[in-house]
Amino acid sequence: MNSIKQNIVQVISQIDTATEKCGRNAGSVQLLAVSKTKPIAAIEEAIAAGHYAFGENYVQEGVEKIQYFAQKTYPEPLTWHFIGPIQSNKTRPVAEHFDWVHSIDRAKIARRLSEQRPAHLPPLNVLLQVNTSGEDSKSGLNFAEVEALAAEVAAMPNLVLRGLMSIPEKADDYDSQFAAFSSLRDAMTALQAQHPQLDTLSMGMSGDLEAAVAAGSTIVRIGTAIFGARDYTTKA
Ligand SMILES: *Cc1c(COP(=O)(O)O)cnc(C)c1O
């Protein structure tokens, strides 16, 4: 089995190849290492390989890791992205500890995050999560709801609206993956008419990063290809 370091090198090379293939600038796609369910030691290995941006899905687990790493010093600051569903009674620790939230899909959650963001921290970077597959079961806004929520969030004092995120329904063929990601890119382009500062499209995971990059992703969220398969048997 490859080490985490080897995996990171391989994923970065995959991103570079995909970026080059579609004529985008080198370095225009950021790698977010999704460390949910993985131990501190795995994150330390990624940091030793020169990687500093991490995604977490569970509030308590993420905050524990952030607090642990806050006591350490590295050549660059770590950045922490909350990418999981947020319940309204869990917004405070997210507002107090994370740098980014990718999963905003209700005004209530955004309002609480803005109110609870501590004054000594920079505004929280946020993305609206869009349901590109139209399935009832998935979280995320419908396309028709994006514009109104974007206007509300953009006016909140302690949040900075940066763009959109999606987790499309799993598809094994490139064309379906590309179509779903392109629909998110089109929504972003439309939104940029009112919000020209938007610069972030969070889309693409271990199984579909090529299609995501071709469709304009600026952050790919990669867990399994870096840290290996997740074991959920110990989680409630
Ligand atoms: C777990 C997760 C990922 C990483 O998925 P992999 O398939 O392991 O790369 C990306 N985004 C979100 C929102 C996740 O929950």
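**Group meeting: a ligand and its surroundings**

I begin with Lys36, which has a polar side-chain atom 2.6 Å from an oxygen atom of the ligand. Please keep in mind throughout that this is a predicted model.

Asn57 places a polar side-chain atom 2.8 Å from a ligand oxygen atom. How much of the ligand's accessible area does the protein cover? On its own the ligand has 390 Å² of such area, and the protein covers 90% of it.

Let us now consider the whole shell. The ligand is surrounded by 13 residues, and the closest are Lys36, Asn57, Ser206, Arg221 and Thr224. Sorted by class, this shell consists of 6 nonpolar, 4 polar and 3 charged residues. As to location, the ligand sits in the largest pocket.

I turn next to Thr37. This residue belongs to the loop that runs between strand E1 (30-34) and helix H2 (40-48).

Finally, I come to the protein as a whole. Its secondary structure amounts to 9 helices and 8 strands. The radius of gyration is 17 Å, close to the 18 Å given by the globule rule for 236 residues, so the protein is as compact as a globular protein of that length. Along the principal axes, the C-alpha atoms fill a box of roughly 45 × 40 × 35 Å.

Notes:
Residues are numbered from 1 along each chain as its sequence is written. This is a predicted model: local features need pLDDT of at least 70, side-chain atom pairs count only at pLDDT 80 or more; totals for chains, interfaces and linings use all residues. Side-chain values use heavy atoms; hydrogens and water are left out. A residue is near a molecule or strand if one of its heavy atoms lies within 4 Å of it. A polar contact is a pair of N or O atoms within 3.5 Å; within protein, one must be able to donate a hydrogen and the other to accept it, and residues adjacent in sequence count only if both atoms are side-chain atoms. Accessible areas come from the Shrake-Rupley method with a 1.4 Å probe; for residues, only the protein chains shown count as cover. On a 1 Å grid over the protein atoms alone, a cavity is a set of points where a 1.4 Å probe fits but cannot get out, and a pocket is an open set with protein on both sides within 12 Å along at least five of seven lines; lining residues have an atom within 4 Å of a point. A molecule sits in a cavity or pocket if more than half of its atoms lie within 2 Å of its grid points. Ala, Val, Leu, Ile, Met, Phe, Trp, Tyr, Cys and Pro count as nonpolar, Asp, Glu, Lys and Arg as charged, and the others, Gly among them, as polar. Helices (H or I, at least four residues) and strands (E, at least two) are DSSP runs, numbered from the N terminus. The radius of gyration is taken over C-alpha atoms; the globule rule is 2.2 Å times the number of residues to the power 0.38.
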